[in-house]
Amino acid sequence: MPRWLADRPALPLLVLTGLNLVDEFDRYAFSALTPEIRDTFGLSDAGIGAIGTISSVIIVFLAVPIGVAADRFSRIRLSALAAALWGVTAVATGIVTTVWALATMRFLSGIGRGANEIVHPSVLTDLYPSNTHPRVFQIHRMANPAAGVSALLAGWIAVQWSWEAAFWVLATPTAVLALLLLRVPEPPRSEPSGVAVETTERAGLREAFGRLAAIPALRRFWVTAFVLGATIVPAIQLVSLFFEQVHDTGPFGRGVVQFVLGAGWVSGLAIGGAVAGRRIANERYEELALICAAGFLLVTVGGLVMAASPAQLLSGVGAFVLAAGNGVYQPSYYTAVGRLAPGALSAQAYGCSVVIFGLGGTAAIPLFSVGDAYGYRTTMVIVALLGLGAAASARWAGAAMRESLEAVAAAGAGHGGPARGGALEDAAREDAAAEHPDA
């Protein structure tokens with residue numbers, strides 16, 4: 001790992017990855033146990049689908065304020081506070097007895113989870129040199145599918161005791177990781193070109209949005225984020241309901257399905273991180289968008305296989321491919337946004353992406369009603385078509401990538417200064433050159 005991280009300390013990445021892991025326990029448990037929670041509270045599929053989506057889409061309303069706070073205050077302390085909030089609400093999910101209380105806990109859980117999508121990427125972008133970013137984001141995002149193991153545990157706990165107990169057990173490690181995070185020093189901020197910036201810079205919301213929206217490739221990535229949100233946000237719950245309704249799969253079986261999703265996601269991240277790393281090593285940053293598009297095409301293939309499959313095993317293969325597509329795009333996407341955004345606005349850049357992603361997820365809530373009315377094979381066809389739309393949008397973003405990167409580099413050069421990662425990144429490049437003189 002030291003070589004992977006250009007000799008930067010691994011503790012910050014491991015702690016942030018751990019926090020990303022434990023908050024995913026809650027999401028996987030809720031997805032795997034959706035039918036049990038639905039029956040406990042007397043809800044319809046559409047009702048439980050709406051509540052389950054709350055924790056994902058609430059960030060629509062708070063991502064930009066969280067991004068502003070992260071660009072102005074300590075991102076480390078903000079991440080620790082968010083982790084504490086998530087831990088409390090995860091436990092409370094297994095305690096509350098009314099629909100409104102359940103919805104409130106999912107609402108608050110979504111606020112806590114927001115740090116993983118907004119604050120963590122900004123911290124990692126400044127902690128590690130840009131040539132390590134695909135690996136860094138590959139490791140950080142690996143926590144999401146790795147948490148799929150918790151779906152097996154949640155299903156087993158639900159069978160042995162109750163679905164409520166699953167949330168109490170799975171939330172336990174959060175406090176330890178939050179305390180460890182407070183030992184990580186706040187990293188200095190830097191521009192994509194590498195120029196260190198003062199943390200006292202205060203751009204208003206309108207000015208910040210204007211500066212970000214002026215970057216053509218970033219604008220197009222926002223369109224991609226909307227279509228992707230409509231594809232991915234409801235997909236995990238839809239897969240669980242698909243197996244319950246189409247294949248009559250029980251709680252432990254649905255836990256196995258969530259584990260398969262996690263395995264597919266891990267595989268996709270491994271492939272996506274390796275491919276993105278090679279492109280960046282050759283400074284072919286414009287191809288990051290094409291890697292995203294390839295991932296979205298896998299989502300389309302997986303959705304169509306699920307929709308057409310007559311057998312549970314083949315549906316599982318489709319779920320694996322769908323999840324692999326969700327993994328392939330992530331190292332490239334997070335690296336591209338970090339490369340395009342000004343350093344003083346990096347958290348807000350990720351925040352805007354999350355807002356738009358969440359709006360797409362909100363627009364997809366009617367998919368649960370489609371499943372109620374027309375069956376979940378139909379919903380998976382729609383998911384597949386949305387994946388195709390996301391691929392087309394990513395390809396469109398790629399067409400503007402080179403122009404946008406050149407503009408960002410020119411703006412950074414106007415300030416003067418070393419590349420992002422500074423002398424350490426220069427040393428890493430020299431080491432790589434010494435190891436591979438032909439390159």
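Student: In which helix does A225 lie?
Tutor: A word on the ground rules: this is a predicted model, where local features need pLDDT of at least 70, side-chain atom pairs count only at pLDDT 80 or more, and totals for chains, interfaces and linings use all residues. Residues are numbered from 1 along each chain as its sequence is written, and side-chain values use heavy atoms, with hydrogens and water left out. Helices (H or I, at least four residues) and strands (E, at least two) are DSSP runs, numbered from the N terminus. On that basis, A225 lies in residues 216-232, helix α12.

Student: Is A225 buried or exposed?
Tutor: Buried means under 20% relative accessible area, exposed over 50%, and partly exposed in between, with a 1.4 Å probe and protein chains only. A225 has a relative accessibility of 3%, so A225 counts as buried.

Student: Which residues is A225 in contact with, leaving aside its neighbours within four places in sequence?
Tutor: Contact means heavy atoms within 4.5 Å. F357 is 132 residues away from A225 in sequence, yet their C-alpha atoms are 4.7 Å apart. With those neighbours left aside, the contacts of A225 are Y333, S353, I356 and F357.

Student: What share of the contacts in the protein with a separation of 6 or more comes from residues 24 or more positions apart?
Tutor: The protein has 21 helices and two strands. Among contacts with a separation of 6 or more, residues 24 or more positions apart account for 85%.

Student: Why does T17 count as buried?
Tutor: T17 has its place in helix α1 (residues 11-32), and I139, H140 and A143 are in contact with T17 once neighbours within four places in sequence are left aside. T17 counts as buried because its relative accessible area is 12%.

Student: Which residues have the most contacts inside the largest nonpolar core?
Tutor: A nonpolar core is a set of buried Ala, Val, Leu, Ile, Met, Phe, Trp, Tyr and Cys residues joined through side-chain atoms within 4.5 Å. The largest one has 117 residues, and its largest share, 10 residues, comes from helix α16 (residues 312-340). The residues with the most contacts inside this core are I37 and F221.

Student: How far does helix α5 reach from its first C-alpha to its last?
Tutor: The expected span is 1.5 Å times one less than the number of residues. Helix α5 (residues 75-93) has 19 residues, with 27 Å expected. Its reach is close to that, at 27 Å.
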